[in-house]
Amino acid sequence: MRIDILTLFPEMCEKVMSQSIIGRARKNNVIDICCHNIRDYTYDKHNRVDDTPYGGGMGMLMMAEPIASCFESICKQLKVRPKLIYMSPQGSVLTQKKVLELSQIENIAILCGHYEGVDERLIEEYDCEEISIGDYVVTGGELPALILADAISRVIPGVLSSNECFEQESHYNGLLEYPQYTRPYEWRGRRVPEVLISGHHKNIEEWRKKESIKKTIERRPDLISQVDMNEEIIKLLDEIEFKYNSKTND
Ligand SMILES: C[S@@+](CC[C@H](N)C(=O)[O-])C[C@H]1O[C@@H](n2cnc3c(N)ncnc32)[C@H](O)[C@@H]1O
């Protein structure tokens, strides 16, 4: 898979995407991430990328043409047109389901806005999908783009040591992950749950599933209705909800 990031701050994106797991995956050619400076595609001597908004108002807007030239140069180089995503607080809020859907696409390009955002006609011209990282506003699209690129990259086979690493994590199956513990066995008077040191794999698995459902009910009850229910989950849910209710009724 290849991800192209269109930005005014390529060094910032390059630096983050060169570290740790993603950096290693890029070195090993498991994923290809390229950062492009939109300013390299300006057409006036001052290398302007922004201008004032028509109708007045605060701040500056990124002009359409430098972004279009940057994107079209990427299309020419790749000989395909990547799906163009614009990071925007006005987009649909990113979910793990969307991450998995995007990870199936061979070429995506991510546009980072800045200042007050980008000229609306650019978004229309390339039928951009708008994705938000949450209902708040940050200064620029770089951090949102890096979050999206990271989330997609880590579900590409070969980036993590095995698919199990992300298949058991929060949000993969709609639930939050169970609590985890490491050494020492006792820390400041708190012990690791006995089942985890029992060596009984079936019991451990069952405990983890129950804890995962319990945590989701406690912290994110809104997620439960979206979980793909199978008989096992329904049974565990019944059991836990019973205990959960009886606990709160005490
Ligand atoms: C200051 S914001 C512009 C906000 C815009 N004027 C609005 O009110 O919708 C500048 C850029 O940061 C990025 N951005 C800010 N908040 C974001 C969010 N929650 N999700 C994704 N991108 C965001 C976008 O690329 C945006 O173009």
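Trainee: Which element gives the largest share of the lining of the largest pocket?

Mentor: α4, with four residues. Keep in mind that this is a predicted model.

Trainee: And how much space lies in that pocket?

Mentor: About 600 Å³. It has 21 lining residues, and T95, Q96, K97, H171 and G174 are the closest to its centre.

Trainee: How do the lining residues divide by type?

Mentor: Eight are nonpolar, seven polar and six charged.

Trainee: Where in the chain do they come from, by domain?

Mentor: Domain 1 (2-153) and domain 2 (168-249) each give at least three residues to the lining. The C-alpha centres of the two domains lie 37 Å apart.

Trainee: Switching to the ligand. Which residues come nearest?

Mentor: Y86, M87, Q90, E116 and Y136, out of 21 residues around the ligand.

Trainee: How much of the ligand's accessible area does the protein cover?

Mentor: 86% of the 590 Å² that the ligand has on its own.

Trainee: Which strand gives the most to the shell?

Mentor: β5, with five residues. β7 (129-132) also supplies at least two.

Trainee: And the shell by residue type?

Mentor: 10 nonpolar, 10 polar and one charged.

Conventions
Residues numbered from 1 in each chain as written. Predicted model: local features only at pLDDT ≥ 70, side-chain atom pairs only at ≥ 80, totals over all residues. Heavy atoms only, no water. Domains from an automatic or database assignment. 1 Å grid on protein atoms, 1.4 Å probe; cavity = no way out; pocket = protein on both sides within 12 Å on 5 of 7 lines; lining within 4 Å. Points joined across faces, edges and corners; volume = space filled by probe spheres on them. Nonpolar A, V, L, I, M, F, W, Y, C, P; charged D, E, K, R; others polar. Near = heavy atom within 4 Å. Areas by Shrake-Rupley, 256 points an atom, 1.4 Å probe, with all protein chains shown as cover.
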